[in-house]
Amino acid sequence: MNTVLSRANSLFAFSLSVMAALTFGCFITTAFKDRRVPVDIRVSKVMLKNVDDFTGPRERSDLGFITFDLSADLQPIFDWNVKQLFLYLSAEYATKSNSLNQVVLWDKIVLRGENTKLNLRDMKSKYFFFDDGNGLRANKNITLTLSWNVVPNAGILPLVAGSGHFSLPFPDAYETTKSY
């Protein structure tokens, strides 16, 4: 006859199988949802400095400062399977030495139940906007894009870029003031 231990094992295995099937069913209901929303990015101030780069031997690198406005309604992204969003603003540009440079300038975590309407004004970069040389000066095509990772309760972690970006030119000359 079956012992108590083998019956408990069968019950446990059956329960896990049912929970796995339910979790997969929950995942598949939101797996193909379009999670893009319109994003409005505006830049009000751009400043460029040439500073010492302490990673190399006595070289100087470009350091950019950006003040931006950001607005987006993230409510359509949230459904029962979204736990949180990890938002980040990135800058993409090309230089002579690298065909693609990507720098994260700002990030934010939006939890379920928080205010999902972003209306940020005069925000400064959270992280340094360093180039590994002098590729920012007179660069005419630096593109800012807001992207996000959707952290679900069950399923994969999709990486989504917002529908809307902003291209800006950097100045031809370096700023000489001490403050930003």
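Reader: Which residues does UniProt list as "transmembrane region"?
Author: The UniProt entry, which is unreviewed, lists residues 12–32 under that name. Keep in mind that the model is predicted.

Reader: How much helix and how much strand is there over residues 12–32?
Author: In the model, that stretch is 90% helix and 0% strand.

Reader: OK, on to the core. How many residues are in the largest nonpolar core?
Author: It has 35 residues. Those with the most contacts inside it are Leu70, Leu74, Leu85, Phe129, Leu144, Leu146 and Trp148.

Reader: Which strands supply at least two residues of this core?
Author: They are S1 (39–53), S2 (59–73), S3 (82–93), S4 (101–111), S5 (117–124), S7 (142–152) and S8 (159–168). S3 gives the largest share, six residues.

Reader: Why would nonpolar side chains be buried together?
Author: I can only give the general pattern: in soluble globular proteins, nonpolar side chains tend to be buried together.

Reader: Take Leu144. What is it in contact with, leaving aside neighbours within four places in sequence?
Author: Leu144 is in contact with Ile41, Val43, Ile66, Leu89, Ser90, Ala91, Leu105, His165, Phe166 and Leu168.

Reader: Now Asp131. Is it buried or exposed?
Author: Asp131 is buried, and it has no salt bridge. Arg137 is the nearest side chain of opposite charge, and it is 9.9 Å away. Asp131 itself lies in the loop between strand S6 (129–130) and S7.

Reader: So what does the side chain of Asp131 reach?
Author: It reaches the backbone nitrogen of Gly135, at 2.7 Å. Not counting residues up to four places away in sequence, Asp131 also touches Ser61, Asp62, Tyr93, Thr95 and Leu136.

Reader: How many salt bridges does a search of the whole structure find?
Author: Eight. One of them joins the side chains of Asp40 and Arg42, at 3.3 Å from N to O. Asp40 counts as partly exposed, at 31% relative accessibility, and so does Arg42, at 45%.

Reader: And what does Arg60 form a salt bridge with?
Author: Arg60 pairs with Asp52, and their closest N and O atoms are 2.8 Å apart. Arg60 is partly exposed at 41% relative accessibility, and Asp52 is partly exposed at 41% as well.

Reader: Which pair links distant parts of the chain?
Author: Lys140 and Asp172, whose side chains meet in a salt bridge at 3.2 Å, N to O. Lys140 is in the loop between S6 and S7, Asp172 is in the segment after S8, and they are 32 residues apart. Lys140 and Asp172 are both exposed.

Reader: Which residues are linked in a network of salt bridges?
Author: Lys33, Arg35 and Asp79 are.

Reader: What is the phi of Ala138?
Author: Ala138 has a positive phi of about 65 degrees, although it is not a glycine. Ala138 lies in the loop between S6 and S7 and is partly exposed, with a relative accessible area of 34%.

Reader: I also clicked on Phe128. Is it buried or exposed?
Author: Phe128 is exposed, with a relative accessible area of 60%. Phe128 lies in the loop between S5 and S6. Leaving aside neighbours within four places in sequence, Phe128 is in contact with Leu63 and Val103.

Reader: How far apart are Phe128 and Trp106?
Author: They are 22 residues apart in sequence and 9.3 Å apart in space, C-alpha to C-alpha.

Reader: Last one, Ser163. Where is it, and what is it in contact with?
Author: Ser163 is in strand S8. Leaving aside neighbours within four places in sequence, Ser163 is in contact with Val37, Pro38 and Val39. Ser163 and Val37 are 126 residues apart along the chain, and their C-alpha atoms are separated by 6.0 Å. With a relative accessible area of 38%, Ser163 is partly exposed.

Notes:
Residues numbered from 1 in each chain as written. Predicted model: local features only at pLDDT ≥ 70, side-chain atom pairs only at ≥ 80, totals over all residues. Heavy atoms only, no water. Core = buried A, V, L, I, M, F, W, Y, C linked by side-chain atoms within 4.5 Å. Buried < 20%, exposed > 50% of the residue type's maximum accessible area, 1.4 Å probe, protein only. Helix = DSSP H or I, 4+ residues; strand = E, 2+ residues; numbered from the N terminus. Contact = heavy atoms within 4.5 Å. Lys, Arg positive; Asp, Glu negative; His and termini not counted. Salt bridge = Lys/Arg side-chain N within 4 Å of Asp/Glu carboxyl O. Polar contact = N/O pair within 3.5 Å; in protein donor to acceptor, adjacent residues only side chain to side chain. UniProt positions renumbered as here; feature names shortened; annotations may be inferred.
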